[in-house]
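This report describes selected structural features of a single model. The sequence and the three-dimensional structure are shown first, and the discussion follows.

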Amino acid sequence: MILPIVKYGDPVLQKEGEEVNNIDGNLAEFIQNMFETMYEAKGCGLAGPQVALSKKLFVMDVSSGKETKDRIVCINPQIVETKGAIVSEEGCLSFPGIYFEVERPEIVTVSAIDLDGKEFTFEVDGLAARCVLHETDHINGKVFIEYLNPLKRDLIKRKIKKKIKLGDWE
Ligand code: NI
């Protein structure tokens with residue numbers, strides 16, 4: 001089932017998600033829906049708050065469904081370590097049509113719980129690292145425009161207001 005993606009302006013995106021403490025069939029089904037929604041929207045990551053579930057979980061797949069090993073579910077993720085820094089263009093399914101450069105760590109080690117309730121740890125770089133950091137921000141109520149300086153952020157906010165007025169933000 002394709003879920004509606006929450007756009008910037010909805011308070012759920014700027015609220016810290018709750019820890020997940022019950023992994024059951026309902027959650028597994030919801031996560032399956034999150035993958036479907038992410039693939040349909042052509043994104044590489046999708047966090048709970050983006051589909052109005054204010055919980056600490058996200059899904060990601062930097063291969064767009066081509067590689068099973070890239071299909072990752074992270075429940076209650078923690079960033080364990082980061083290395084380096086790299087600037088690259090970034091987008092967000094909750095900010096359609098908005099792209100800009102963001103500096104983030106280059107290599108990330110993350111530990112999380114999977115759908116079987118087992119803890120796992122992995123290290124990623126490149127797009128996958130960027131995705132882990134971006135989605136972890138989402139579950140902590142942080143959106144990527146917070147990385148912009150105030151001037152650029154205001155410009156983007158004005159652009160979004162215009163889109164909302166035109167009915168181009170749903
Ligand atoms: Ni996003």
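## Salt bridges around Arg 104

In this predicted model, the side chains of Arg 104 and Asp 137 meet in a salt bridge, with an N to O distance of 3.0 Å. The pair links distant parts of the chain, since Arg 104 belongs to strand β5 (residues 100-104) and Asp 137 to helix α2 (residues 126-139), 33 residues apart. Arg 104 and Asp 137 are both buried. Salt bridges with shared partners join Glu 90, Arg 104, Arg 130 and Asp 137 into one network.

Arg 104 also forms a salt bridge with Glu 90, and here the closest N and O atoms are 2.7 Å apart. Because Arg 104 lies in strand β5 and Glu 90 in strand β4, this pair ties together parts that are 14 residues apart in sequence. Glu 90 is buried, as is Arg 104.

## A further salt bridge and the total

The structure holds six salt bridges. One of them joins Lys 69 to Asp 70, with the closest N and O atoms 3.4 Å apart. Side chains of opposite charge can pair when their charged atoms come close.

Are Lys 69 and Asp 70 buried or exposed? Lys 69 has a relative accessible area of 62%, which is over 50%, and therefore counts as exposed. Asp 70 has a relative accessible area of 17%, which is under 20%, so Asp 70 counts as buried.

## Strand pairing and the cover of β2

Strand β2 (residues 57-60) is covered on both faces. Leu 57 and Val 59 are buried on one side, and Phe 58 and Met 60 are buried on the other.

Strand β1 (residues 45-47) pairs with β2 in the antiparallel sense over three bridges. Within this pairing, Phe 58 in β2 is the bridge partner of Ala 47. Strand β3 (residues 72-83) also pairs with β2 in the antiparallel sense, over four bridges. There, Leu 57 has Ile 75 in β3 as its bridge partner.

## Charged residues at the surface

Lys 157, Arg 158, Lys 161 and Lys 162 gather in a patch of positive charge on the surface. Lys 157 is placed in helix α3 (residues 150-165). With a relative accessible area of 34%, Lys 157 is partly exposed.

Glu 89 lies in strand β4 (residues 86-90) and is exposed, with a relative accessible area of 53%. Between Glu 89 and Ala 128 there are 39 residues of separation in sequence and a C-alpha to C-alpha distance of 13 Å in space.

## Positive phi values in loops

Most residues other than glycine have a negative phi. Which value does phi take at Lys 42? The angle is near 60 degrees, a positive value in a residue other than glycine. Lys 42 lies in the loop between α1 (25-40) and β1, and its relative accessibility of 76% places it among exposed residues.

Ser 64 likewise is not a glycine and has a positive phi, of about 55 degrees. Ser 64 is located in the loop between β2 and β3, the two strands that pair in the antiparallel sense over four bridges.

Technical notes
Residues numbered from 1 in each chain as written. Predicted model: local features only at pLDDT ≥ 70, side-chain atom pairs only at ≥ 80, totals over all residues. Heavy atoms only, no water. Buried < 20%, exposed > 50% of the residue type's maximum accessible area, 1.4 Å probe, protein only. Pairing = 2+ DSSP bridges. Patch = residues over 30% accessible without salt bridge, like charges linked within 9 Å, V, L, I, M, F, W, Y side chains within 5 Å. Areas by Shrake-Rupley, 256 points an atom, 1.4 Å probe, with all protein chains shown as cover. Salt bridge = Lys/Arg side-chain N within 4 Å of Asp/Glu carboxyl O. Lys, Arg positive; Asp, Glu negative; His and termini not counted. Charge placed at Lys NZ, Arg CZ, Asp CG, Glu CD.
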